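Here is a walk through a structure with two chains to look at. Have the sequence and the picture open side by side as you read.

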Amino acid sequence: MIHLPKDETKLMVAVHGWSGIVLGLLLYAVVFTGMAAVFAEEIGAWSAGHVERQSAFERPLDGAIQALGARTPEKYHEGVDLFEIGDHNLGVFFHHHEVKPNGQLSSRGIYYQLDRDGKIVGEQTGNAEDVFGPRNDDALSSFLVDTHVRLHVPDPWGLLLTGILGLAMLVAAISGLLIHRHLLKDIFTLRRKASPVLAERDRHSVAGTWSLPFAFLLAFTGSFFSFYGTVGVPIVAMAAFGGDQEALSEAVFGNPAKPDPRPHAIGSLDRISADAIRRTGEIPTFMAIENFGRTDALVTTYHQPGPGDIEPVTLLYNGATAMFEHEKPSIGQRPSAGGSLVAIMGPLHFGNFAGLFSKAIWFGLGFATCYVTLTGLRLWLTRRQDDLRSLAWLDRTVVVVGFGLPLALLASAAAFLVAMPLGSAVYWTPAGFLLASAAIIAAGIALPARRLERLLQIAISLLLIALPLIRLMTGGPGWPRAIEAGQPIIIAVDIALLVAGGWMLWLGKTRTARPRQTRKISLQPAE
Amino acid sequence: MALLSQKARKWLRIGLAGPGAVIVAVVTMAGMALWLPAGAANIDNIVLPLVLFPLIWAALFFHACLDRRLGRVALVAIGLFALHAGLVTQKFIAQSAAKESRG
């Protein structure tokens with residue numbers, strides 16, 4: 001417990017409150033979509049009805065890549081990225097590195113999308129930022145991730161905005177810790193029979209205290225990712241490499257070797273893939289080829305962390321002979337403190353280091369953080385009950401965003417399920433979100449806050465329950481088919497949605513039975 | 001600092017916690033790349049400032065909020081700024097001189 005003097009405690013209470021009030025609703029949007037994006041892969045499989053069992057890296061891919069290499073201009077052989085897309089299909093990006101007129105490092109080349117038989121089903125030429133847009137079968141998960149990462153604001157402003165929100169969360173977490181006068185006691189205090197306001201204060205405090213280390217971790221890693229490319233790399237490159245971002249990238253991520261540009265056919269990628277899976281026990285999440293078709297070609301495979309570890313695994317192969325060279329750190333050539341620290345930032349932020357188990361914990365703690373943000377805003381308003389008339393707009397805005405955002409996201413999921421079979425999900429997923437948002441805002445203007453809250457809660461519950469039915473009605477695989485295909489995640493998401501919908505309906509019914517107390521409550525400074 | 005009015009002190013503190021903390025954190029991140037040890041993989045001096053940037057900013061922000069001695073807050077911020085800005089400037093001068101001698 002930290003005992004600050006009275007004036008400093010007062011200042012920290014103000015900092016905690018205002019950091020939430022000024023940026024709290026945007027922060028809520030980022031954390032809420034981040035919470036859902038923890039399961040982006042599973043949501044993608046559920047929404048698009050993925051039933052393929054075998055990874056693209058477990059199927060023969062050598063012939064298809066050789067054929068692509070033969071048809072791709074040699075200038076794009078500098079790098080080839082291989083990764084899974086859709087229902088275990090393969091994305092292949094032949095490219096070269098270039099520096100844009102604004103000094104930003106980029107990759108330009110041809111992006112091929114292959115089906116499970118290795119046939120080209122899509123081909124785009126352009127910069128990485130342009131060709132890796134959402135596809136019809138992943139429009140929903142892409143929409144979620146893009147909302148979380150940049151709130152759909154164009155780069156670099158979107159990343160800067162979410163970076164600033166990360167710093168605001170860092171401030172709220174640290175100041176929240178500093179203003180706790182009875183930290184240990186508050187962790188376990190839930191006065192269920194107290195007035196609704198005090199009970200809400202207790203729930204805010206308990207959820208906030210338990211999720212404090214997590215909020216700190218998320219804020220720290222999140223702001224790192226947002227500022228890394230937008231501010232960090234250009235500035236450090238300016239100081240250490242005279243502004244040459246390519247030199248920085250080469251120093252950190254490159255595989256230094258003596259150049260040998262003599263032509264040489266690429267070694268068997270099937271052999272490399274099988275060997276990498278055998279060594280790590282994990283299917284590659286990504287495979288990168290440097291200098292395709294040259295004697296000095298190198299192949300790097302990237303894997304999820306092994307059991308009991310949080311640092312991803314990276315293996316290096318000789319590209320010409322397909323022979324294993326050595327295991328290397330994800331960042332740098334040798335293990336180092338800085339390299340390990342950067343390598344674990346991803347797993348710590350995404351919570352994917354121990355499969356579904358760690359993802360579920362990250363989801364739960366993300367939910368607690370959303371709850372803390374929302375109840376914090378409401379407590380701030382409660383403490384200013386005398387000014388509630390002038391703050392009525394804020395009360396209403398909290399309801400519109402707090403309950404409207406989940407509803408609009410569910411509406412976008414429904415729009416995706418209907419539009420995907422028609423091939424227009426890229427358009428209708430964000431359109432569904434915008435249409436639902438417009439309707440919710442209009443209802444927010446027309447209805448009193450408490451009635452709007454109840455209405456939105458009911459709508460969320462009904463849509464949660466309806467989504468599995470919409471999925472089935474629009475041709476998604478049923479439970480027997482999902483079991484047969486070894487995709488229990490489809491069933492798990494269906495059950496999670498039905499349970500969440502039922503729980504929200506029950507919660508709404510209980511709340512209606514217990515009328516809200518309007519008597520003025522005096523809250524303590526730590527609130 | 002006793003020479004300053006209460007209002008001036010308040011605004012000075014806001015300035016140090018707000019734009020001051022951002023500017024000093026950015027300059028510190030740039031300068032750190034020039035004095036941190038490179039480590040076994042020769043990258044620690046490049047990646048550690050990138051990782052530590054949010055924490056440096058938070059430390060400066062809370063120091064500006066919580067230290068009663070405003071003079072000390074200003075001294076730490078100006079000291080960090082001067083040290084790291086000086087290192088970056090020196091590097092630029094050395095680079096320009098090397099370019100001229102090559103050209």
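## Starting with a covered helix

The buried residues of α15(A) are covered by elements that include α5, α14 and α16 (449–473) of chain A. Those buried residues are A425(A), V426(A), W428(A), T429(A), P430(A), G432(A), F433(A), A436(A), I440(A) and G444(A). "Buried" has a set meaning here: 20 or more other C-beta atoms lie within 10 Å of the residue's own, while 12 or fewer makes a residue exposed, anything in between is partly exposed, and the C-beta atoms are placed from the backbone. Helices and strands are DSSP runs numbered from the N terminus, where a helix is H or I with at least four residues and a strand is E with at least two.

How does the length of α15(A) work out? With 22 residues at 1.5 Å a residue, α15(A) should span 32 Å, and its end C-alpha atoms are 31 Å apart, which agrees. The expected span is 1.5 Å times one less than the number of residues.

## What kind of model this is

This is a predicted model, where local features need pLDDT of at least 70, side-chain atom pairs count only at pLDDT 80 or more, and totals for chains, interfaces and linings use all residues. Residues are numbered from 1 along each chain as its sequence is written, and chains are lettered from A and ligands numbered from 1 in the order in which they are written.

Now find α5(A), which covers residues 139–150. Its twelve residues reach 16 Å from first C-alpha to last, close to the 16 Å expected. How many of its twelve residues are buried? Nine are, so to speak, tucked in: α5(A) is mostly covered. The buried ones are A139(A), L140(A), S141(A), S142(A), F143(A), L144(A), T147(A), H148(A) and R150(A). They pack against α1 (6–37), α2 (40–48), α6 (157–178), α14 (392–419) and α15 (425–446) of chain A.

Just after α5(A) comes L151(A), in the loop between α5 and α6 of chain A. L151(A) has a positive phi of about 50° although it is not a glycine. L151(A) is partly exposed, with 17 other C-beta atoms within 10 Å. The loop between α5 and α6 of chain A also holds P156(A), and a cis peptide bond joins D155(A) to P156(A), with omega about 0°.

## Another positive phi

H88(A) sits in the loop between β1 (79–85) and β2 (89–99) of chain A. Its phi is near 55°, a positive value in a residue other than glycine. Is H88(A) buried or partly exposed? H88(A) is partly exposed, with 19 other C-beta atoms within 10 Å.

Next, look at α9 (residues 212–241) and α10 (residues 245–253) of chain A, which pack at an angle of about 95° with their axes 9 Å apart. The axes are lines fitted to C-alpha atoms over the stretch in contact, and angles run from 0 to 180 degrees between N-to-C directions. α9(A) and α10(A) are therefore roughly perpendicular to each other. The cut-offs are 65 to 115 degrees for roughly perpendicular, under 35 for roughly parallel, over 145 for roughly antiparallel, and oblique for the rest.

Where do they meet? V233(A), P234(A), V236(A), A237(A), A240(A) and F241(A) in α9(A) meet Q245(A), A247(A) and L248(A) in α10(A). Two residues are in contact if their C-beta atoms, placed from the backbone, lie within 7 Å. By class, this contact has eight nonpolar residues, one polar and no charged. Ala, Val, Leu, Ile, Met, Phe, Trp, Tyr, Cys and Pro count as nonpolar, Asp, Glu, Lys and Arg as charged, and the others, Gly among them, as polar.

Chain A has 18 helices and eight strands. Its radius of gyration is 25 Å, close to the 24 Å that the globule rule gives for 527 residues, so chain A is as compact as a globular protein of that length. The radius is taken over C-alpha atoms, and the rule is 2.2 Å times the number of residues to the power 0.38.

Chain B has three helices and zero strands. Its radius of gyration is 17 Å, well over the 13 Å from the globule rule for 103 residues, so chain B is more spread out than a compact globule.

## Where the chains touch

29 residues of chain B are in contact with 36 residues of chain A. The largest share of chain B's side, 16 residues, comes from α2(B). That side has 24 nonpolar, three polar and two charged residues.
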